[in-house]
Amino acid sequence: RESDHRAWTPVSYTVTRQNATVQGLTEGKAYFFRIAAENIIGMGPFTETTKEIVIRDPITVPDRPEDLEVKAVTKNSVTLTWNPPKYNGGSDITMYVLESRLIGKEKFHRVTKEKMLDRKFTVEGLKEGDTYEYRVSACNIVGQGKPSFCTKPITCKDEIAPPSLDLDFRDKLIVRVGEAFSLTGRYSGKPTPKVTWLKDDIVVKEDDRTKIKTTPATLCLGILKSVREDSGKYCVTVENSTGSRKGFCQVNVVDRPSPPVGPVIFDEVHKDHMVVSWKPPLDDGGSEITNYIIEKKDAHRDLWMPVTSATVKTTCKIPKLLEGREYQIRIYAENLYGISDPLISDEMKAKDRFRVPDAPEQPIIKDVTKDSAVVVWNKPYDGGKPITNYIVEKKETMATRWVRVTKDPIFPSTQFKVPDLLEGCQYEFRVSAENEIGVGDPSPPSKPIFARDPIAKPSPPVNPEAVDKTKNSVDLSWQPPRHDGNGKIIGYLVEYQKVGDEEWKKANLTADSCPETKYKVTGLTEGLTYKFRVKAANAAGESEPAYVPDPVEVKDRLEPPELILDANMAREQHVKAGDTLRLSAVIKGVPFPKVSWKKEDHEVSPKADIEVTGVGSKLEIRNTVHEDGGIYSLTVENPAGSKTVSVKVIVLDKPGPPRNLQISEVRSDSCYITWMEPEDDGGSVITNYVVERKDVASPQWVAISSSSKKRSHMAKYLMEGTQYLFRVAAENQFGRGPYVETLKPIKAIDPLHPPGPPKNLHHVDVDKTEVSLVWNRPDRDGGAEITGYLVEYQEDGADEWTKFQTVPMLDCVVTGL
């Protein structure tokens, strides 16, 4: 029960041990407990705790303190810090006990007798050079806990630490002109470092606006009422004997820009607008120029009118001006931080300062032809604005009206080829220049010229040579002359001279009869030697002659035959029956060889078309049949030799009929069919045979096998007594060949044999000239009904039997004995 209640609350009725755990209690409350024993008779008296029990976790001494560290060491003191224990034992820490041990001694001694709750302590009054180790314990109301882990041995001497630097400013700082700014931070190091401030690598010195303040732990550079010149890269250096640290800050002191740089230049002045330009400010205020503001003012009025406030270009068109008025322009530069003072221009009157171009000088005419001429002129003064076009005009000398030669612009060239002149007419030409202001005056007219081609005789033809010859002709070839004399070459004149003669004879009478650069000179005498020459001709006349270098002896040029085979003249040529067979070859040789085609050393089939041209020969057979196959040969022959090539041609067709069809082993329901392969397999392997039968009374053939690869077949399922015809055909990949058929029908019956001998022959009566005989049927009838019995007799002692007669029954009376 709770100490302030009277009612008892049962905890458990089933405890058989001598202990129990009571759960569900409230921390901080006081409770009484009682217990009674029980057996099968009943429950005994309760025994009660003598005093109340307060519910709380059990209290122990604290754990050892954590993270004992040495923070500073000098030659006569050591500064230590630590953290509280992870668990205080269930009771608040009342104090800490710090102990030290001189290295070499065994015992730890308490450092201070005062009660110490701070977790930092400086041990003073130590001897320089001594080495100590330290530990600390925590105490609560229960007592002193375990000591912390010992520090490493610490020797008393002045400590060295490299500088550290902790800055309060970033890499970049933007400050408005007139504002103050400061760069601050903290530093440390042993021995105490020296602090130095630099700006753009120059030491910063204090003055009325610049203040430097340095304490043992902090540093500060302050600048009052900043100006643009305070912009730069600031650097603070913290340095002692162990090293140095640096911090940087790019300070940009920004302001509105300075005015644009003048003077204002008037690039263009017109009666209603001007184009002005200027240079950017020398100082953009530390921020890029975002805008120029341009205003205009009538020079005799005080009101400035806005032109534009949205341009970053350093040029501007000033529109809407009144002709003859004088104007001033002022320009402001603007950045993020303000607008500059203005740049004001001089006064400028709104009037056109430019005019049309001057007239060019008299043009010169060159390269005249029957339908064109080239006009050349010099560039005139452009009137202050660039020339954009030239206008060329023409007129016939006797006419009065000038006509433009083209509507297309002519610029920047100062010459133009005038087309479409009329041959024989006389022309003059003049030129005008144009700029954006307008078209200037025309030049003086050129000297008159007539439209006609200037023609001279051509130069001689180039490289004439004899390229071929026969016993009565020579083929010449050459190249056109290098110069045609500005006239069309109308043809060539070819001349020849027999060696030893002085006279040159014409091979062709007129030049236009030989328009090409080759000619065949005919009518020459075999065995003689000739010289040749060629002249070119145009409307102005004939050129000087060009000579074939060496005399030419007129005779047939011999070259042995040569055959260049086409793809269809390979060693073996396959062609399907019904397709066209083509064999061809290119033939060379001088004189051109005689051509002959053979098949198996015989003349080729009359249905073959043979064609011979000056370069080759072709043999063609349409609708080929199997018989067209064989070895074809092509022979070419001239006085220099002969050449023969052969090709094996296989005409692929259906096979021929099988041979030697035989029927054997005839039964009432089957027979055996055999045959031999066809003499001709059609040029392809026989793949199978087709076997068919036909009842003689039926018009229809019935297939009994269509895939047999053997040359025999058992025909089954015949109807007994029916007469049948059989036929067989062979098949290859090109189709089925003709059938071979049995010559006469086969009847489906079992084969017949002679019957067996009659049985039990004996006589039943005898007379002096006759005997009555009886007998029984034989055991076998031979496969057919017995039609009769042949009765014979023999006289005792004789060799031959004598026929009596054939009887149908099983008895007979032999008479005439």
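Biologist: Starting with Arg659, what is its relative accessible area?

Modeller: Arg659 has a relative accessible area of 28%, which puts it in the partly exposed class. Keep in mind that this is a predicted model.

Biologist: Which residue forms a salt bridge with Arg659?

Modeller: Glu677 does, and the closest N and O atoms of the pair are 3.8 Å apart. Arg659 sits in strand E55 (residues 659-664), while Glu677 is in the loop between strand E56 (671-676) and strand E57 (688-695), so the bridge ties together parts that are 18 residues apart in sequence. Glu677 is partly exposed too, with a relative accessible area of 32%.

Biologist: How many salt bridges does the count come to?

Modeller: The count comes to 31 salt bridges. In general, side chains of opposite charge can pair when their charged atoms come close.

Biologist: And which residues are linked in a network of salt bridges?

Modeller: Glu495, Arg533, Lys535 and Glu542 are linked that way.

Biologist: Take Glu495 and Lys535. How far apart are their closest N and O atoms?

Modeller: They are 3.8 Å apart, and the two residues form a salt bridge. Glu495 belongs to strand E39 (residues 491-498) and Lys535 to strand E42 (residues 529-538), so this pair ties together parts that are 40 residues apart in sequence.

Biologist: Is Glu495 buried or exposed?

Modeller: Glu495 counts as buried, at 7% relative accessibility. Lys535 is buried as well, with a relative accessible area of 15%.

Biologist: What else does Lys535 form a salt bridge with?

Modeller: Lys535 forms one with Glu542, where the closest N and O atoms are 3.7 Å apart. Glu542 is partly exposed, at a relative accessible area of 35%.

Biologist: Switching to cysteines. How many disulfides does the count come to?

Modeller: Zero disulfides. A disulfide is a covalent bond between the sulfur atoms of two cysteines. The cut-off used here is a pair of cysteine sulfur atoms within 2.5 Å.

Biologist: Is Cys235 buried or exposed?

Modeller: Cys235 counts as buried at 7% relative accessibility. Cys220 is partly exposed, with a relative accessible area of 22%.

Biologist: New topic. What does the UniProt annotation say about domains?

Modeller: The unreviewed UniProt entry annotates "domain: Fibronectin type-III" over several spans, including residues 64-159 and 359-454.

Biologist: How much strand is in residues 64-159?

Modeller: That span is 41% strand and 0% helix, with its end C-alpha atoms 28 Å apart. Residues 359-454 are 36% strand and 0% helix, and the end C-alpha atoms of that span lie 31 Å apart.

Biologist: Now the surface. Which residues make a nonpolar surface patch?

Modeller: Ile59, Val61, Ile141 and Val142 make one of about 330 Å². Ile141 is in the loop between strand E10 (131-139) and strand E11 (154-155). Ile141 counts as exposed, at 64% relative accessibility.

Biologist: Back to the backbone. Where is the cis peptide bond with omega of about 0°?

Modeller: It joins Gly262 and Pro263, and Pro263 lies in strand E21 (residues 261-269). The peptide bond from Phe411 to Pro412 is also cis, with omega near 5°. Pro412 is in the loop between strand E33 (403-404) and strand E34 (415-418). Most peptide bonds are trans, and most residues other than glycine have a negative phi.

Biologist: What is the phi of Asp420?

Modeller: Asp420 has a positive phi, near 60°, and is not a glycine. Asp420 lies in the loop between E34 and strand E35 (426-435), and it is exposed, with a relative accessible area of 65%.

Biologist: And where is Asn660?

Modeller: Asn660 is in strand E55. Its phi is positive, about 55°, although it is not a glycine. Asn660 is partly exposed, at a relative accessible area of 44%.

Methods
Residues numbered from 1 in each chain as written. Predicted model: local features only at pLDDT ≥ 70, side-chain atom pairs only at ≥ 80, totals over all residues. Heavy atoms only, no water. Buried < 20%, exposed > 50% of the residue type's maximum accessible area, 1.4 Å probe, protein only. UniProt positions renumbered as here; feature names shortened; annotations may be inferred. Helix = DSSP H or I, 4+ residues; strand = E, 2+ residues; numbered from the N terminus. Salt bridge = Lys/Arg side-chain N within 4 Å of Asp/Glu carboxyl O. Patch = residues over 30% accessible without salt bridge, like charges linked within 9 Å, V, L, I, M, F, W, Y side chains within 5 Å. Areas by Shrake-Rupley, 256 points an atom, 1.4 Å probe, with all protein chains shown as cover.
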